[in-house]
Structure formats: C-alpha cells, structure tokens
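Hi there,

Here is the structure I promised to pass on. Have a look at it first, and then read my notes below.

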Amino acid sequence: MTVASSVKLAGGTLSVCGRTVLSGVPDSVVASSAAAGGAVDGVFIGADFAEPAARHVVSLGDLRGVRFMACFRFKLWWMAQRMGEKGGDVPRETQFLLVESKGAGGGAAYVVFLPLVEGAFRASLQGGAGDALELCVESGDADTRATSFERALFVGTAESDPFAAISGAVAAAKSALRTFRVRAEKKLPGIVDYFGWCTWDAFYQDVTQEGVEAGLRSLIAGGAPPKFVIIDDGWQSVGTDKSATDTDEPAGEDKPPLLSRLTGIKENSKFQNVDDPAAGIKTVVRAAKEEYGLKYVYVWHAITGYWGGVRPGEPGTEHYRSSMQFPKVSPGVMENEPGMKTDVLTVQGLGLVHPRAVYRFYDELHAYLAAAGVDGVKVDVQCILETLGAGHGGRVQLTRQYHQALDASIAKNFPENGIIACMSHNTDALYCSKQTAVVRASDDFYPRDPVSHTIHIASVAYNSVFLGEFMLPDWDMFHSLHQAGDYHGSARAISGGPVYVSDAPGKHNFELLKKIVLPDGSILRARLPGRPTKDCLFTDPARDGVSLLKIWNMNKFTGVLGVYNCQGAAWSSVEKKNTFHHTGTEALTCGVKGSDVHLISEAATDPEWNGDCALYRHAGGDLVVLPCGAALPVSLKVLEHDILTVSPIKDLAPGFRFAPIGLVDMFNSGGAVEGLTYHLLGGAKLLDGGNGSASGFEAVGLVCMEVKGCGRFGAYSSVRPRKCMLGSAQLEFSYDSSSGLVVLQLEKMPKGRVHKIVIEL
C-alpha cells in the first residue's frame, strides 16, 4: 500500500497538509519522493540549470504568512538564530529552517527545510527579493561544476510536534545520504558526566604546565574538583614564516602579525620537563591524573594542525605533503562576515596537509598523545576546509576526506571517542560526521565583551535544535567569578552537555560551582540537548523586547526548565556584528507550564498520569502545585534567570500525592533522582471518605528512591510523611504543610552509587 505524502509540489505550489507554503515555484525546481528515506512525510527538492557552474542560485518561490526560525552562519565558523515571517527575511547561509504554517482552523503544521549535500555540492537557503526563498548550491571549486540536482533540499513535516518533525527530517536525510550518524547512535565520551576546566580564558596561548597545575589545585581546594582538563591552544610546537630578510619591527595597524604554523607534532618547550625533556606532555598528564585525581586530559589542535596549518617543508613533516593554499570564502559567508576579506587566514594562507596524507598526520599526532596518556582532543577551526576545496574536487570532497581520516584516527587512538568539534558549524562537516559526538554549540564565551552574554544563551539554545540531532551540544566554558556567572552556569547545568569553566587560578565562585558540581566532581547532567520550549521556537527573545526564553530538558523522573531574559543584544544584519539595541529596563513576564517540558509525560511513573506537576523554583526556593494546563508567571529583567524543576505528581491513594524534586540546592535538582517506585500498603484500604486521613494506624504507601549526590533533598508530599529512612537509619526531616515541601539532609556522598531513601506516607 502506498501512502500519499502530505507534502506536494504541483502547479507551482509547494503545499503541506493542503496549506500553501511556497507559491510561484518555477518549473526548474523538481520534487522526488522521500519514500526511500523511511517512514517520513516529506519530499526531496532539486533543480535543473541551463549551464554547468560551480555555484547556482534558484528561487523556490514565495514564502509568506508563516513564522520561521532559521539557523544561519553569521560567521564562517558559527551559526545563530533568526526569526521572520517571509522568504525575504531568511538570512544568507541558512542551514536549517523550521516553519510554522497555520491552517484556517488555527492548527499548526511544522515544516522542516534541510539544505543537504549532493555529490560535490553543498546547499544553503537564503532570502531573495520580496518574499522569495532561494536555494544556493556551490562546490567551492571553479573546476567542479554541475547542471542538475535531485536531492539538494529535504522538506519534511509533522503536525503538532515540531521536535518530531526535525528528528524525522534528519532521519530522512541520513537514509538518503548514508554519510553520517545521528547523536543517539554515537558513543558519548566520559567527560560529559563530570565537571571540567579549560585553560583558554585563564591563560590563552600563554598556558604552561605550572599554570595547568595551579588551576587544578585551586579548584580542588575550593571543593569543586575537576575530573577533566582541556589544555587549549598554546602547547604545540609552532613557528611563523618570518625569513632572514624580515625586519624585527613590531606589527603595526597596517601590518598584521605573522600567522603561526605547526612545525612538529610534539609539545613545545613549556611542556618539557627540564629534568626529563623526553617525557614531554606526559609529565603534565601524569600529574593531572596521579596528583590531582583527574579522569581525562584533552588537548587542543586545529583540524589543519594549527591556525596556519603545517609549515611546508619543515624538517620531520615532509611526509605530510603540506602546501600553501589561500582560503576562498563563499559569497554567502563573505556577505555575513565581510571581515573575512582581510582576515589573517585569508591573507596569509595556510599549509594544508595533502588529503592523501592527512590520516597519517592525525594518526601520528594522536598516537603520540595517546601514548602520553591524553584521552581526547578538541579539534578546532573546522570550517576552514570549505574554503580550500579548489584543486581537491571541491569543499564537500575535501571536508569528507579530512573527516574520514579524523574519525578513523579517533576510533583507533581514543577508544572513549575523545573528541569535541569546534568552529565546525557547516553542513559539509555535519553531513559526513560518523564519529564525533560532542560539538560546540555557539560562538565563544567572551568574558570581557558585555554584548555577548545574552546572545550566547539564546544562540546555544536555538542552535541545539538543529545541532542536537547530530551531536551533543557543548555550551562552552564560562567564568564562575563573573557578573554573568550565574546566568551562564545555570544554563550549562541544564544543557545536557559537558560543563567546564575557564577560571584563572584563584578566581572562582564556589557558591555557584557547588550548584553544579558534586563533591566527587560529577554533575547532574540532563538526558537530552537543552532546547527552547515549543512556544518559544518562533519568538525572538533577543530582539523583540517582549519575550523571555524558556529552555527545557529531561531527567529520568523529572523535567527542568530554565527561563532567561536575553533581550537587548543580537547580531545586526546591517552592521554585520553583535550589537546592543534599545530594550526596556522593566521585567518581562511569561507563563510556565508543566507541559513546557516537551516530554514530561515520559518522566511520570503512572501511564494514566493526569498532567499535574510540582514545580520547584530554584531562585526563591518555593514549591507550587501546578494543575494540568495551569501556568505559573515568571518575571525577569535583562540578564536574570530562573530554574524550575518540574515533577509529575503521583496519586497513590485519595489525598495522598507525591513528587520527587531532588537536590534542591543544585540547579538541575531532579537529575539526582535515579530510581523511583511507589508501593501501596494496607492503610490505603482504610482511608476515610477520600479525605486523605487514614482511620487506622497503618501506612498508606512507600516511596522508594535512589538518589545520587549529597545535600538537601526535597520532595512534594500532600501529607506529612510518617517517617523517612536512609538505608536502615531514620532521618529527620522538615515539612511545610502550606506547600507540601519535604526536606531531608543527605550529609555525605553515598558509599555506593546512590543513596536508597524510603519515605513512608
């Protein structure tokens, strides 16, 4: 039996569920069935052109009367979000477009546009004149040309569930391309469940072994022990191209500094022990693990070795066959980031390891690091490959060759899949990634740039809508001792990704860190990538002056919501940079519902759960019962936030209701609850008239919980518990009869994996 797709292209109209999404579609644009891609409702879109070329742009027709959210590259390296209502609003270099189309009855269909890679070409979307939406396909190599495309774009849909539409669209792309794997299929490295420290914002390129050890000592002494470290840029052997004829004059405004290039795979002198220089980077790795108790050590390198690549002809590196190449930046990127015209990489070029030698390069580098005890690498500057495709069959081909080599080396040398992708937001890389499971979600945390902080939180949340299908988004390092430290730290705690700081030694806010890090260095990580709630997908919480951003995530038995005021700053399409814009100083208000946690029903132990939730507000320490469909108002000023734990309420018996909250002093409180069962006892049969009072002395039920960590543990109970047990010991507890908040103290970390708590009602 053939099921007709609800996405149709006919008579110059692309319709979804009978609603027009694109009108005036030219005859050169063609559609083909996505049936071969699995049980996904959608079509592939292609186009025919009169002449072969390395770059084509074609109108897909007019897009109007909708709301959309676009993930587009505002820099060569990074995406950000943009919202709009018509095709002309779609920015250049859009790689993901989510459209809400409402019918006459008010019901919404969610349409996902995924520009793909086809052959040697990579596609993107952009706005045209008026309401037009355009498709751009380009190879990045003047000699790599084509005239016809069949699957340059996938258009998929789902009614009522935008997140299902996105997952389904990416699954269809995976089935068609067969070149990448999705996040759920990849092995997550161990670092994601622990707190870490990165050297970058602490030392930048001046990092030394002494600095690494000082940072680790400082965090451990304050009670926030890191279990992984990323030794960022500054450990490698590099040099410039400066020749004997160059003067020693410092670089002036008109003379940028010379770009450094890799001169060998081993560490520089800063990481060579005077007493045993041959030990190299092994010395700091051994110290980190043996003296400071770390589980993992990662180091940084660029995908081309270093920012300027590998210096051609350098003794000992000849077999990498490096040659100088100069980036050719695509028109879409150049329009969004005109500074790339004079960027040091564009002007001075880089030494590109030959694609046929790049596996040997990665393998020798990674094998050397692995032998020293290094567990993984942060691989940066990845999008540069798209600018170097000339003479190599184009951007897609070169990127694929490099990533296949990188994947193979990681699998061989770092068996825990120790890799973080960075500066990697092009689809050339996403659609050929089979190994990498963690990706930086946005442009950097900039501790000294006031305009960046609200922008950062909005960007990581919206980018995770798309990136989270492929990898686990990493919301980047932050400074704990910073005026926006809580704002950043709370977001990292609910992101579902790794959590690490870049504090300088001695500059920490341990009160903040202890809301994120347990005494053993582990974290309460949520189970999914954090993403905006359904009702925030098409609002613009950075620009519109009225909206707050709500971010949802899931734990095993609870959900979590973060609410952030991100107004007042955004990327300007006119100035081509992040700028402040006028916004009010008064607080903005939104409503928070239990159903804002998109999958909250999966946290309920009762399949007949009625939708009632207990909400615990971290900022105020207050607990409220929220009936199904009811909303709790939350008001915040710019750079303010609140975190709410959302717990489905279990009705054990008439008048006896319970919901676990978790470790109430941690941002992601509910992440502590790892086991939960309910048991009815004899007293439930003796309840008097359903008023919640037992006519005898028998207990009505037991709540059995497995809890990770230590500190104040909270729960909602409609009645005062009869007793609380930790193993065989009875615990004292407090009970607030007005809110139903039960709090007991877990003094120490569990001897085993978890505490076993029994509450008798």
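**What I found**

Strand β42 (residues 723-726) and β43 run antiparallel and are joined by 3 bridges. Within this pairing, C724 of the chain stands opposite L731 in β43. Please keep in mind that this is a predicted model.

The two strands belong to an open sheet of 5 strands, with antiparallel pairing and the order β39-β40-β46-β42-β43. At its edges are β39 (673-680) and β43 (729-731), each of which pairs on one side only. On average, neighbouring strands of the sheet are turned by 25° against each other, direction ignored.

Is G675 buried or exposed? With a relative accessible area of 11%, G675 is buried, because the cut-off for buried is under 20%. Leaving aside residues up to four places away in sequence, G675 touches F557, C704, M705 and E706. G675 also lies 8.1 Å from K556, C-alpha to C-alpha, although the two are 119 residues apart in sequence.

The largest pocket has a volume of about 680 Å³. Its lining consists of 36 residues, and W200, D233, W307, M423 and D444 are the ones nearest the centre. Two or more lining residues come from each of α2 (200-203), α6 (344-348) and β22 (376-380). By type, the lining of this largest pocket divides into 20 nonpolar, 14 charged and 2 polar residues.

Best wishes, and happy browsing!

Technical notes. Residues numbered from 1 in each chain as written. Predicted model: local features only at pLDDT ≥ 70, side-chain atom pairs only at ≥ 80, totals over all residues. Heavy atoms only, no water. Pairing = 2+ DSSP bridges. Helix = DSSP H or I, 4+ residues; strand = E, 2+ residues; numbered from the N terminus. Axes fitted to C-alpha atoms, helices over the stretch in contact; angles between N-to-C directions. 1 Å grid on protein atoms, 1.4 Å probe; cavity = no way out; pocket = protein on both sides within 12 Å on 5 of 7 lines; lining within 4 Å. Points joined across faces, edges and corners; volume = space filled by probe spheres on them. Nonpolar A, V, L, I, M, F, W, Y, C, P; charged D, E, K, R; others polar. Buried < 20%, exposed > 50% of the residue type's maximum accessible area, 1.4 Å probe, protein only. Contact = heavy atoms within 4.5 Å.
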